[in-house]
Amino acid sequence: MSVWNYVVTAHKPTNVTHSCVGNFTSPQELNLIIAKCTRIEINLLTPQGLQPMLDVPIYGRIATLELFRPHGEAQDFLFIATERYKFCVLQWDAELSELITRFKLKMSNDILLRELIVTKIFKVQLAMGDVSDRIGRPTDNGQIGIIDPDCRLIGLHLYDGLFKVIPFDNKGQLKEAFNIRLEELQVLDIKFLYGCSKPTIVVLYQDNKDARHVKTYEVALKDKDFIEGPWSQNNLDNGADLLIPVPPPFCGVLIIGEETIVYCSANVFRAIPIRPSITKAYGRVDADGSRYLLGDHAGLLHLLVITHEKEKVTGLKIELLGETSVASTISYLDNAFVFIGSSYGDSQLVKLNLQPDAKGSYVEVLDRFVNLGPIVDFCVVDLERQGQGQVVTCSGAYKDGSLRIVRNGIGINEQASVELQGIKGMWSLRSLTDDPFDTFLVVSFISETRILAMNIEDELEETEIEGFCSQVQTLFCHCAVFNQLVQVTSSSVRLVNSTTRELRQEWNAPSGFSINVATANATQVCFMHFPNYWSMTIPITHVLLATGGGHLVYLEIGDGTLTQAKHAQLECEISCLDINPIGENPSCSQLAAVGMWTDISVRIFLLPDLNLITKEPLGGEIIPRSVLLCSFEGISYLLCALGDGHLLNFQLNLSTGELKDRKKVSLGTQPITLRTFSSKNTTHVFAASDRPTVIYSSNKKLLYSNVNLKEVSHMCPFNSAAFPDSLAIAKEGELSIGTIDDIQKLHIRSIPLGEHARRICHQEQSRTFAICSLKHQSNAEESEMNFIRLLDDQTFEFISTYPLDTFECGCSILSCSFSDDSNVHYCVGTAYVLPEENEPTKGRILVFIVEDGKLQLIAEKETKGAVYSLNAFNGKLLAAINQKIQLYKWMLRDDGTHELQSECGHHGHVLALYVQTRGDFIVVGDLMKSISLLIYKHEEGAIEERACDYNANWVSAVEILDDDIYLGAENNFNLFTVRKNSEGATDEERGRLEVVGEYHLGEFVNRFRHGSLVMRLPDSDVGQIPTVIFGTVNGVIGVIASLPQEQYVFLEKLQSNLRKVIKGVGGLSHEQWRSFSNEKKTVDARNFLDGDLIESFLDLSRSRMDEISKSMEISVEELCKRVEELTRLH
């Protein structure tokens, strides 16, 4: 049964809805704060660009995000209001690196004042208020939140006819909120005016004759009422919908229309005509308000200048600067740098240049920030045929429309490969110490060593280094100082001149002992052997060995010299070593990490004296097989990989050697080998095993991203002139060299279309995608053109196009085959969207075949409405056409061609928008009437309604989870599941779909699809859990997994305990946030779990993990293991 569901985010929201700039984290630091619907990001502006400081979820959809600075304060505060009428005011404490809330709120509503933990770094102590009213009609044009420039009050327009005021007192504390009646009902925008002795608002509104006006009101705080303001202006541009308040010395307001821009104040009125456009966002450039950036619906960026003589406004000028993404928010940062936040394409960091480029643009794009939103449609495919799903999305809108190929993990782009069996180790070497590129690739086998080198044609060929011993297995290689190379074998350490390739010095293992393991860096080398180990270190280059009986020896390598410097005796054998330098000096190791056999421990020794400073028992019976000292984002770590595929990580105190904050993750089932590598000037760790993984850090948190290779035994960096920034990878029977993708959990490839892709479908047989797309034509008589496009599924190039008729648009697309026809077809459902019609009364079903890479139309069928959905149904075609479900069969004509012939149908829907089928069952998602279940009866050739949900849900997507459970999403951002009641005693009970699950997702879902983003491994506990992927308007890709009841009950208890420990930013309640809520009711979530909250358990400090572990009556290690298994779902 799919009643118990787990909802988790695979890709966080990327649609930027709000942004603001100010001195939030410090009076001297400039911050860009970005809202992405349900998350806020705090960035620091640095000479190198935007540096992320904090990224946290908000338990609400952000409606308002504003920075303000009360009197007497040195830095800004952040005001956040949500769509569910909650708000909070945040302040940053620079000394503690904490978000705190300054204000104690006096409200008639419930107030929560508590200490809240956001992450292990950021502690938040917040006051939170609820500004909802029991009666009132929510505004049609969205909530408006504004703050008086002199910080006398916060104003909120939440309900028609009401303006809510939250005043500040003299000490900057918030007082009790109250409402003021607002005469204007159709409010388009409200702003506070600058330079007024009393708080004054300017209101842009539309009257009942659709004329637009502005009016000003003074807010009388004592009387809790409005007083007629100093001026008003009637009969503005009919497209006026944006107000920009102008700061001193000019004051007044700019009114932005579709054809005119007006400056208005008590005694000045200036207007200029503009090219028709819809302004979506603005950003103030100068503190005095003399220049503004305006972004329009076509992605054009203009500069609006207020011309003036002294402090008197004389006119307005507007100039086109260039093109950007379609802006939803514009924030001018500093020194001509601008952040363009977009809901329709990628957000951008741009620079405004003084001189235009060759195309006449003053805009230079410096950086792009990926945005998948809005995801209108997507399909799940396995393009690389590796058993791993990839999501191909229709993303963006207008000119920023694109396809995005999203896959889990990190890809290796193979440049070269060669068949080589039985590789036991690999190392890259340079011919000169200062050479920027690697020359040699040393490949070790069980009884020989082979050396590959780059030739003149940039090809790898076999060569020799005479000083190396090639008849035995190499255990370790490294470059040493003075243009030397070091080779470690089981019997000796060999020092070789890297230019002459001759042997200069050799250190032999003591008689009767052999060396088995080695490690090194530019100034040190370490190695050891079984059963007796030697270990050594060297001043310019150091070596560490281990002999039987647990001997550690420290060697120093000079110019042609190998000298023993130190020796230590350990009580048991050594299994692995590392002396990777971390800390302030990148070329000198201060610590050595040593993994031990008998007592299953890891030890930290101080170099060069080999003094033991830390001993950490690992527990269990599995020995450490690889240790690594490394540093991420300024934090030092010890990584310790075990022989069963588990990885332990500790935070390491460099001065004391103390290990703390121990965490254990499962990366695979086989022994792991750890190696560092560099990508884009950042160091990461590659864990080679049966499930290769890259370990990296983001926001001071260790992350693990799987590599899209089935098994890797060894990896080493190989940065040659022909293969820059590459990795050499040993797989089963093969050595390959390739570059690595950007280090992130999800890899996203963008295919810009320049038009809006609305529907997508993949056809395996022809290796193609087909899309329905909409192209906006500028400066053309017909402003919109619709097409069916065919794309190659590897190159994503257009290979064929079928233009649709004028006013005709594609609504649905499907790849299917029909009974008695071996061909596979693309079927497209269309609608004629005529300006005078409220709902389309005409459409077509087009049937195509792909021949020689071209779309060939072989049949068409006219319909009496829009074809919103198409489904393959028992060798026939099922279509949703306006209010009707219609079944067509594929009939052969006398002339050998085929046609669609109507067989039967079912009426009774408002608009049948979404249809899914399983066997003879048909699940319909209706515009207003929720979900209904139909059945096709073969004997009668008829479709009948079996059951329906009587709740009035406005459905946005549906999917069948199993035979009895159906999943729906609706327009209030909720998810729900309904169950077919086959065992009901009466017809009425059997005719009702019972609601069994309800959950507030906070996202508008456009599509569900069965599938998985990750490779399903049969040995994994989650391998058999069915999953559904969803895509949303804000660019979220999420996963819904149907769990066994026992696992659900356990995780529900964990979620309940986590709610007590992890509190929401601003005191916002997780329980309230996830409660199902629409216009009719608000009820607690049931039979859905918040996977994002549950998986945040892995980010908690050890002490908080222990706290939850006690409540759960289960060990921390077992809890971590069970939660980590869930992360493998996405």
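Here is a short tour of a predicted model, from its domains to a sheet and then a helix pair.

Before you click, note that residues count from 1 along each chain as its sequence is written, and that side-chain values use heavy atoms, with hydrogens and water left out. Local features need pLDDT of at least 70 and side-chain atom pairs count only at pLDDT 80 or more, while totals for chains, interfaces and linings use all residues.

Start by colouring 412-744 as domain 1 and 753-907 as domain 2; the bounds come from an automatic or database domain assignment. Their C-alpha centres are 57 Å apart.

Next, select 955-960 and 994-1000, strands E82 and E85. Strands are DSSP runs of E, at least two residues, and helices are runs of H or I, at least four, numbered from the N terminus. You're looking at an open, antiparallel sheet of four strands, ordered E82-E83-E84-E85. Pairing takes at least two DSSP bridges between two strands. E82 and E85 are the edges, each with a single partner strand, so one side of each has no neighbour in the sheet.

Last stop: helix H2 (1045-1061) and helix H6 (1116-1127), whose axes come within 12 Å and cross at roughly 110 degrees. Axes are lines fitted to C-alpha atoms over the stretch in contact, with angles from 0 to 180 degrees between N-to-C directions. That makes H2 roughly perpendicular to H6 (65 to 115 degrees). Show Gln1047, Phe1050, Leu1051 and Leu1054 in H2 meeting Leu1119, Arg1122, Val1123 and Leu1126 in H6, with contact meaning heavy atoms within 4.5 Å.

Terms used
Angles under 35 degrees count as roughly parallel, over 145 as roughly antiparallel, 65 to 115 as roughly perpendicular and the rest as oblique.
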